[in-house]
Amino acid sequence: QVQLVESGGGLVQAGGSLRLSCAASVSIFSLSTMGWYRQAPGNQREVVVYITLDGNTYYADSVKGRFTISRDTVKNAVYLQMNSLKPEDTAVFYCNVRPRIPTGASEYWGQGTQVTVSS
């Protein structure tokens, strides 16, 4: 069982920045990937970005050049720095992790945090 605690998010004007944090209850070295998904009203949940254990990253085309994922191996946390935010970035953002060796679920989700970008 992996617990994820998200923080950050909120209301920001277009062009502004926000930083999301996600702290895991396990060592990040036990996780194959850590990342962020988002779900806007009426839309399916979609991947935003993730980072693999060896540091490779994947960014959705819509956020390339604006969002940056990073991690802290001491705090077992992953962060999402979001710059140049657009109204279309408005969504609930979810932290997602996948254990290297699943003993329970194959993936775990954070509780979600609302990001609202006003025009």
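**Notes on an all-strand chain and its disulfide**

1. Let me start with a cysteine: cysteine 22 counts as buried, because its relative accessibility is 1% and the cut-off for buried is under 20%. Please keep in mind throughout that this is a predicted model.

2. The partner of cysteine 22 is cysteine 95, and the two sulfur atoms of this disulfide are 2.1 Å apart. Cysteine 22 sits in strand E3 and cysteine 95 in strand E9 (residues 91-99), so the bond ties together parts of the chain that are 73 residues apart in sequence. Cysteine 95 is also buried, since its relative accessibility is 0%. Which hand does the disulfide have? The torsion about the S-S bond is about -80 degrees, so the disulfide is left-handed. A search of the whole structure turns up 1 disulfide, and this pair is the one described here.

3. Now for the overall build. The chain holds 11 strands and 0 helices, so to read it from the N terminus is to read β-β-β-β-β-β-β-β-β-β-β, with the strands taken as DSSP runs. Among contacts between residues at least 6 apart in sequence, 54% join residues at least 24 apart.

4. What radius of gyration does the chain have, and what would a compact globule have? A compact globule of 119 residues would come out near 14 Å, and the chain has 14 Å, so the two agree. The C-alpha trace spans about 45 × 25 × 25 Å along its principal axes.

5. The accessible surface comes to about 6,200 Å², and carbon and sulfur atoms account for 48% of that. There are 10 positive and 8 negative side chains, and the centres of these two sets lie 3 Å apart.

6. Serine 21 belongs to strand E3 (residues 18-24). Is serine 21 buried or exposed? Serine 21 counts as buried, because its relative accessibility is 17% and the cut-off is under 20%. Setting aside residues up to four places away in sequence, serine 21 touches Val5, Glu6, Ser7, Trp36, Val78 and Tyr79.

7. Threonine 33, in strand E4 (residues 31-39), is likewise counted as buried, with a relative accessibility of 17%. Which residues does threonine 33 contact, leaving aside neighbours within four places in sequence? They are Tyr50, Ile51, Thr52, Asn96, Val97 and Arg98. Glycine 10 is 23 residues away from threonine 33 along the chain, and their C-alpha atoms are separated by 25 Å.

8. Serine 118 is found in strand E11 (residues 113-118). With a relative accessible area of 27%, serine 118 is partly exposed, because that value falls between the cut-offs of 20% and 50%. Beyond its neighbours within four places in sequence, serine 118 is in contact with Leu11, Val12, Gln13, Ala14 and Pro87. Between serine 118 and glycine 16 there are 102 residues of sequence separation, and the C-alpha atoms are 9.6 Å apart.

9. Asparagine 76 has a positive phi of about 55 degrees although it is not a glycine. Asparagine 76 lies in the loop between E7 and strand E8 (77-82), and its relative accessible area of 17% makes it buried. Serine 84, another residue other than glycine, has a positive phi near 50 degrees. Serine 84 lies in the loop between E8 and E9 and is partly exposed, with a relative accessible area of 40%.

10. Last, a glycine in a loop. Where is glycine 65 found? Glycine 65 is in the loop between strand E6 (57-59) and strand E7 (67-72). Glycine 65 counts as exposed, because its relative accessible area is 84% and the cut-off for exposed is over 50%. The C-alpha atoms of glycine 65 and isoleucine 51 are 16 Å apart in space, for a separation of 14 residues in sequence.

How values were computed: Residues are numbered from 1 along each chain as its sequence is written. This is a predicted model: local features need pLDDT of at least 70, side-chain atom pairs count only at pLDDT 80 or more; totals for chains, interfaces and linings use all residues. Side-chain values use heavy atoms; hydrogens and water are left out. Helices (H or I, at least four residues) and strands (E, at least two) are DSSP runs, numbered from the N terminus. The radius of gyration is taken over C-alpha atoms; the globule rule is 2.2 Å times the number of residues to the power 0.38. Contact means heavy atoms within 4.5 Å. Accessible areas come from the Shrake-Rupley method with a 1.4 Å probe; for residues, only the protein chains shown count as cover. Lys and Arg count as positive and Asp and Glu as negative; His and the chain ends are not counted. The place of a charge is taken as NZ of Lys, CZ of Arg, CG of Asp or CD of Glu. Buried means under 20% relative accessible area, exposed over 50%, partly exposed in between (1.4 Å probe, protein chains only). A disulfide is a pair of cysteine sulfur atoms within 2.5 Å.
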